[in-house]
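Subject: Handover of a protein structure

Dear colleague,

Please find below the structure that I am handing over to you, followed by an account of what was found in it.

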Amino acid sequence: MTILWSLDPRVSETYRFALGGGVAVLTHAPHITKAVDESADQHLVVIGLDIGVDPACELAERLRVDRPEVGVLLLRQRIDVNVLAQALRSGIREVVQSDDQTTLADAVRRSEQLTAQLVGEGAGRGDRESHGRIITVFSAKGSVGKTTLSTNIAAHLAASGARTLLVDLDLMFGDVAISLQLVPAGTVSDLVGMRGHLDRAGLESVVATHEQTGLDVIAPSSDPADAERVPADVILELLRTARTHYTYVVVDTPPSFTEHVLTALDVSDLTLLVATLDIPAVKNLRLAINTLDTLGASKDSRVIVLNRSGIKVGLDVDEVETALKQSVSVSIPNDLGVPKAANRGYPIVVQDQRNPAAVAMRELADQEVRARFGEPVEQGPRRGFGRRRSRA
Ligand SMILES: Nc1ncnc2c1ncn2[C@@H]1O[C@H](COP(=O)(O)OP(=O)(O)OP(=O)(O)O)[C@@H](O)[C@H]1O
Ligand SMILES: [Mg+2]
């Protein structure tokens, strides 16, 4: 999104050729700094003719310090040497004659290239890592496929090359480790002793790594009674620390709103809500959605996944969507290969590439996680299931 600083809200039409359609016209400098502060994706500010050179330079100086990757371009009717010198000293990238749309389009392209380089260098220094994404897989009903989905999505993300951690927050009956045939090095309960000073080394001391995919896993203690001894703030610290070291942190949950689950939902960038084609699952999901609304969770960060679709039980996807008042984003077919793979302890997404449920789970991870968070995703052929059309 490009910000155009001008007192005239209609001015975006004038520069449509050079700036494209995604332009927000803002009238005051504080609105611009706020918009830039609030979104890491804000990379270009174009300053219109009706803004003085001094305020334009002040904004550029501030952005140069706070957000050096944000490009600032200044539009003027005529390019005067003094204005040019003052502008470049303040950090404005280019001064462009306002009636020359081709030159403006070129300047925008050069600015984008420079920004991409600066963002790339930042990522190299670990800045991007500090914004790892937390994806929580939840349903208030048991046995709908939360563990299946979280395990397979995390395995696929890891196999695609992203540093990925799977956290099993089903602290009483978690079965992530067993479904991946892992022997945990430590458990979530061990983190209680590191409370207040959990760091990378602490995390590494409790993770087990799934060799085939490189996925790291943190499992709960095998004694269900230990669950109560894990305070919610330990989970918060775990997730916050994890997101600074991993690109993706996937969280599997028990089928209820425990305080640990609420903590995870609160810091999640994406919640995958799992439904199946049965009335209790849909009713529980509706209640879960109401609870998330009450908690003030953003609707944009929720995706409804219909698992085990295709079984003929008298309920269809449209009825589920009507009951949920929300569209189903992805359907995962019912397939016998899924429990078979779980029983053998391997993630079906990497082991059986052609299995229809595996294909749909990979597509879920690719589109709703990787692409959503800006990762380039190689496009496969359309497969007839997986992503559904929008209900709009
Ligand atoms: N798409 C699918 N097709 C066929 N079987 C599936 C599918 N998804 C999950 N299952 C099977 O359903 C059962 C329950 O799945 P899973 O353990 O993932 O559910 P859950 O929601 O994590 O359950 P719990 O609430 O007990 O933790 C498992 O045997 C699993 O293999
Ligand atoms: Mg489970």
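Among contacts in the protein chain between residues at least 6 apart in sequence, those joining residues at least 24 apart make up 72%. Please note that this is a predicted model. The chain has 392 residues, of which 51% are buried. There are 16 helices and 14 strands in the chain, and its C-alpha atoms fill a box of roughly 75 × 50 × 40 Å along the principal axes. The accessible surface amounts to about 18,600 Å², and carbon and sulfur atoms account for 51% of that surface. As for charge, the chain carries 42 positive and 51 negative charges, whose mean positions lie 5 Å apart.

I turn next to an open sheet. Five strands form this sheet in the order β2-β1-β3-β4-β5, and their pairing is parallel. At its edges are β2 (23-26) and β5 (94-97), each of which pairs on one side only. From one strand to the next, the twist averages 25°. Within the sheet, strand β3 (residues 44-47) runs parallel to strand β4 (residues 71-76), and four bridges join the two. Opposite I47 stands L74 in β4.

Helix α6 (residues 101-124) contains S111. Is S111 buried or exposed? The relative accessibility of S111 is 3%, and a residue under 20% counts as buried, so S111 is buried. Leaving aside residues up to four places away in sequence, S111 touches L44, G71, L73 and R93.

The loop between β10 (248-252) and α11 (259-267) holds T258. With a relative accessible area of 26%, T258 is partly exposed, because this class lies between 20% and 50%. Along the chain, T258 and I153 are 105 residues apart, and their C-alpha atoms are separated by 23 Å.

Finally, two loop residues have a positive phi. Q181, which is not a glycine, has a phi near 55°. Q181 lies in the loop between α8 (176-179) and α9 (200-206). Its relative accessible area is 59%, so Q181 is exposed. K325 is likewise not a glycine and has a positive phi of about 55°. K325 is found in the loop between α13 (317-324) and β13 (330-333), and K325 is exposed, with a relative accessible area of 67%.

Yours sincerely,
A colleague

Note on methods:
Residues numbered from 1 in each chain as written. Chains lettered and ligands numbered in written order. Predicted model: local features only at pLDDT ≥ 70, side-chain atom pairs only at ≥ 80, totals over all residues. Heavy atoms only, no water. Buried < 20%, exposed > 50% of the residue type's maximum accessible area, 1.4 Å probe, protein only. Contact = heavy atoms within 4.5 Å. Areas by Shrake-Rupley, 256 points an atom, 1.4 Å probe, with all protein chains shown as cover. Lys, Arg positive; Asp, Glu negative; His and termini not counted. Charge placed at Lys NZ, Arg CZ, Asp CG, Glu CD. Pairing = 2+ DSSP bridges. Axes fitted to C-alpha atoms, helices over the stretch in contact; angles between N-to-C directions.
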